[in-house]
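I am opening my notebook on this fold.

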Amino acid sequence: MRLPNARRAHVERRKVTEFLLSFANPRGRPKAAFFASFGFNIDCWQGFAAALRHQSESHEVVAVVETAYGTRYYVDGAIETPDERNPRIRTVWQVDHGTDYPRFITAFPRKR
């Protein structure tokens with residue numbers, strides 16, 4: 001199964017600039033270090049957002065969980081990176097009740 005309406009997936013700027021690529025955020029710092037080590041940076045956050053969307057379109061959903069807010073989808077697979085090493089990550093997306101497009105929740109490294 002693929003992420004429903006993956007082509008319409010939304011990645012909020014704040015999720016990227018204030019968390020995933022932010023060394024200033026204590027909780028996000030380890031993820032920022034991971035993604036920066038593959039060439040992503042906060043100045044080019046749109047490229048990172050595009051890579052997250054592409055990852056969600058290119059790989060199968062590995063788990064689906066119903067929450068109080070909507071349906072959450074977990075997608076495992078490689079992400080295309082600036083340095084072309086393309087690590088395996090998990091992205092988490094949610095289709096909120098009353099919508100039909102996924103919004104980005106988070107991403108983190110996965111072991112092979």
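Is the crossing of α1 and α3 left-handed or right-handed? First, some ground rules. I am reading a predicted model, where local features need pLDDT of at least 70, side-chain atom pairs need 80 or more, and totals for chains, interfaces and linings use all residues. Residues are numbered from 1 along each chain as its sequence is written, and side-chain values use heavy atoms, without hydrogens and water.

**Entry 1: the helix pair.** I looked up the axes of α1 and α3: they come within 10 Å and cross at roughly 110 degrees. That makes α1 roughly perpendicular to α3 (65 to 115 degrees). The crossing of α1 and α3 is right-handed (the near helix is turned clockwise from the far one by less than a right angle). Axes are lines fitted to C-alpha atoms, for helices over the stretch in contact, and angles run from 0 to 180 degrees between N-to-C directions. Helices (H or I, at least four residues) and strands (E, at least two) are DSSP runs, numbered from the N terminus.

**Entry 2: who touches whom.** From α1 I noted Arg13, Val16, Thr17 and Leu20; from α3, Trp45, Phe48 and Leu52. Contact means heavy atoms within 4.5 Å.

**Entry 3: the sheet.** I found an open sheet of four strands, in the order β1-β2-β3-β4, with antiparallel pairing. Strands pair if DSSP finds at least two bridges between them. The edge strands, β1 (61-66) and β4, each pair on one side only. Six bridges join β3 (residues 88-96) to β4. Val92 stands opposite Thr106 in β4. I also checked α3: it lies across β2 (70-78), β3 and β4, at about 85 degrees to β3.

Methods. Parallel < 35°, antiparallel > 145°, perpendicular 65-115°, else oblique.
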